[in-house]
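User: I am new to reading protein models and would like to learn how to go through one feature by feature. Could you guide me through this one?

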Amino acid sequence: MWGIVRQRAVDGGFSASSLRRTRSALVSARSYAAGSKEMTVRDALNSAIDEEMSADPKVFVMGEEVGQYQGAYKITKGLLEKYGPERVYDTPITEAGFTGIGVGAAYAGLKPVVEFMTFNFSMQAIDHIINSAAKSNYMSAGQINVPIVFRGPNGAAAGVGAQHSQCYAAWYASVPGLKVLAPYSAEDARGLLKAAIRDPDPVVFLENELLYGESFPISEEALDSSFCLPIGKAKIEREGKDVTIITFSKMVGFALKAAEKLAEEGISAEVINLRSIRPLDRATINASVRKTSRLVTVEEGFPQHGVCAEICASVVEESFSYLDAPVERIAGADVPMPYAANLERLALPQVEDIVRAAKRACFRSK
Amino acid sequence: MATSFSSATIPLHGSQENRLLLPPIRLAPSSSSFLGSTRSLTIPSSRRLYHAHAARRSPVVGVQEVVKDKKITNTLLITKEEGLVLYEDMILGRSFEDMCAQMYYRGKMFGFVHLYNGQEAVSTGFIKLLTQSDSVVSTYRDHVHALSKGVSARAVMSELFGKVTGCCRGQGGSMHMFSKEHNVLGGFAFIGEGIPVATGAAFTSKYKREVLKQDCEDVTIAFFGDGTCNNGQFYECLNMAALYKLPIIFVVENNLWAIGMSHLRSTSDPEIWKKGPAFGMPGVHVDGMDVLKVREVAKEAVTRARRGEGPTLVECETYRFRGHSLADPDELRDAAEKAKYAARDPITALKKYLVENKLANEAELKSIEKKIDELVEEAVEFADASPQPGRSQLLENVFADPKGFGIGPDGRYRCEDPKFTEGTAQV
């Protein structure tokens, strides 16, 4: 449809402004708000799964409360009504069992999308994610690939306590054979989830509960049903020249706010949204650090052996001579997540922490 | 234990009704007398029984059956061809495993090697009833399951030697036998790990039939041991297999020992077959040292699965003549117990049956043994002569889509760099 409009523009010599008017008209004809379209991450994920399920009958969804309850976080809303109980399975509370069933179904040729209510519960099934999914293509020398997606909310939510707040990016990203993705915006969510479902390898898709309700502007291109983002490519959310801030998931929002604050003080920060934790886009990371000479990495998870540690190691190994300041690492506090609201705030990186670290990185070379 | 039928049975009698089900195996024209039953059922009454029970069948009831002291009736259980196929398969399993032990002690094989000596009846009894598209999932004691399913002895031996001609090109090893062609879905080191994977493969059969509307009657067999029956995943899968009525057969190879832990010391109720009815599927106990008994039970279970009636739990009482693995000194097992089971060697028992019932003579059986010996020797020579994997193989097959290795410093995907595939580029 968009193609037709473009064609008309070429043929009929429409002016750019009339094209924009046509576009808005089309957009409002589809009952969207006039102007740029916005979409919540929840709707983005829902539409991605919906479109992939309708495109390929081998795709099915399995997890706790994904069907009749419409999804614990309403990500799978409407799918049961649309596709029926043979494609949207409400499982019993048996993570190890149903994850294994998903892996076995993937061995035999189907494309399961397994939902964990939160990734904390994936620890009950981690043997299947790693030993029978990630390693199988290798152990069987390419005979058996596992086109499965494990998705669910990851990391801290609000006041959910120690057992519901861990970030699993570092653990899963250290395993060869897995692909680990962490979207931030609605466009990321749509593009990466579609890419994950189409991918022939096991993908761990780390969402964030607090981002589900956030709206992001989304382009027409991203709404197209064949839209897909490449796995392994980071996105430069904001260009800058003084310091590079690298992060993923919810922290991208914080980094962008920090970049605004830093801009007021004359520091131009470049914010990179990793999108893909494994494979890590070392090329983009290093190119950016070579441009700015300063690095700040941010993550929500535990500090030791985290994603930031890997980024810092990569930069020190590959771009050492370009660095003008020691690399800065901001992670969650090295404690299980406390419950009290003020303690929780202290245990997670905040915008002020990012600003402080960026300033530290910028002034040190003086 | 006396043989018994519980009165509310979900009948397993399928032998007369498997019209389409086991194409490559010609069934013996036997009567429908089910092994070990105290009643001899003729065809009409079995059908009547089926329909009667179908009417009042409750979903939670299961059959408990102990098939031990069967009396051989006048009609034979197998034909000569079937008998020879079974014999050959068991001899292959035994010779292969014995050769593995020899090769291990000569240093050609390494790591963890778990041998199947003594349990051949279970593998042969079940797997010889399957077609190529049916799946088998096993544990680390998987050499013989792979062989019975059709993977060549050469491929398995090369895999054990770690050579590139192995069924997984040397990347899996003893505990991870995979074959897409023969639908051997592994080979898992963690006990209990294979059970959900097998349940998933059975789930796929059902999905193909119901959602993709394909003609799919494939069943899956999951083999695992007595120790696994105390693991949570086992129960999770019994629940889900019965809930979704999946075409799967759970085969417990109860050899009474989990490394050095006796089954009786570790299990509150050692009778594993009883756990089937608790989840709504039949639980059957069979003498796993007798391939014919195993085969009869297997026929019923496979037929049930193909008909869409759901899973079965079969407990095979068997024994491993060697230790848990080649590194196990096997000191905890009583010599008397070992001797008792050695006297019930399944190969000797089948040989005796074939000879006594004039299905084969000694010479034919000897020639089979000789043929298998040569086959296994040839497999060893082949494996010895095969090359080790090339260096580039290290990075191959980590992902089905090698773009998963990410983007290199030059901005292109790493996998496109020729040095990467040669194995000399830095990862």
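User: How many salt bridges does the structure hold over all chains?

Analyst: This is a predicted model, and over all of its chains it holds 51 salt bridges. One of them is formed by the side chains of Asp199(A) and Lys179(A), with 2.9 Å from N to O. This pair links distant parts of the chain, since Asp199(A) is in the loop between helix H9 (186-198) and strand S7 (203-207) of chain A, while Lys179(A) is in strand S6 (residues 179-181) of chain A, 20 residues apart.

User: With which residue of chain B does Lys179(A) form a salt bridge?

Analyst: Lys179(A) forms a salt bridge with Asp401(B), and the closest N and O atoms are 3.6 Å apart. Between chain A and chain B the count is one salt bridge.

User: Let us turn to helices. At what angle do helix H3 and H9(A) pack?

Analyst: Two packed helices are described by the angle between their axes and by the distance between those axes. Helix H3 (residues 41-55) of chain A packs against H9(A) at an angle of about 25°, with the axes 8 Å apart. Angles under 35 degrees count as roughly parallel, and H3(A) is therefore roughly parallel to H9(A). Their crossing is right-handed. Among the residues that make the contact are Leu45(A) and Ile49(A) of H3(A), together with Leu193(A) and Ile197(A) of H9(A). By class, the residues of this contact divide into nine nonpolar, one polar and five charged.

User: How are H2(B) and H12(B) packed, and are they roughly parallel or antiparallel?

Analyst: Helix H2 of chain B packs against helix H12 (residues 346-356) of chain B at an angle of about 155°, and their axes are 10 Å apart. That angle makes H2(B) roughly antiparallel to H12(B). H2(B) passes H12(B) in a left-handed crossing. The contact includes Leu86(B) and Met90(B) on the side of H2(B), and Ile347(B) and Leu350(B) on the side of H12(B). Its residues divide into eight nonpolar, one polar and two charged.

User: And what is the angle between H2(B) and H13(B)?

Analyst: Helix H2 (residues 80-105) of chain B and helix H13 (residues 362-385) of chain B pack at about 40°, with 9 Å between their axes. These two helices are therefore oblique to each other. H2(B) passes H13(B) in a right-handed crossing. Residues of the contact include Leu84(B), Leu92(B) and Phe96(B) of H2(B), as well as Leu365(B), Ile372(B) and Val376(B) of H13(B). This contact has 13 nonpolar, one polar and seven charged residues.

User: Finally, I would like to look at the backbone. Where is there a cis peptide bond?

Analyst: One cis peptide bond joins Arg278(A) and Pro279(A), with omega about 0°, and Pro279(A) is found in the loop between strand S12 (276-278) and helix H12 (282-292) of chain A. The peptide bond from Gly186(B) to Gly187(B) is also cis, with omega near 20°, and Gly187(B) is found in the loop between strand S4 (184-185) and helix H6 (194-210) of chain B.

User: What is the phi of Asp330(B), and where is this residue placed?

Analyst: Asp330(B) has a positive phi of about 55°, although it is not a glycine. Asp330(B) is placed in the loop between strand S10 (312-317) and helix H11 (335-342) of chain B.

Key
Residues numbered from 1 in each chain as written. Chains lettered and ligands numbered in written order. Predicted model: local features only at pLDDT ≥ 70, side-chain atom pairs only at ≥ 80, totals over all residues. Heavy atoms only, no water. Axes fitted to C-alpha atoms, helices over the stretch in contact; angles between N-to-C directions. Helix = DSSP H or I, 4+ residues; strand = E, 2+ residues; numbered from the N terminus. Parallel < 35°, antiparallel > 145°, perpendicular 65-115°, else oblique. Left-handed = near helix turned anticlockwise from the far one by under 90°. Contact = heavy atoms within 4.5 Å. Nonpolar A, V, L, I, M, F, W, Y, C, P; charged D, E, K, R; others polar. Salt bridge = Lys/Arg side-chain N within 4 Å of Asp/Glu carboxyl O.
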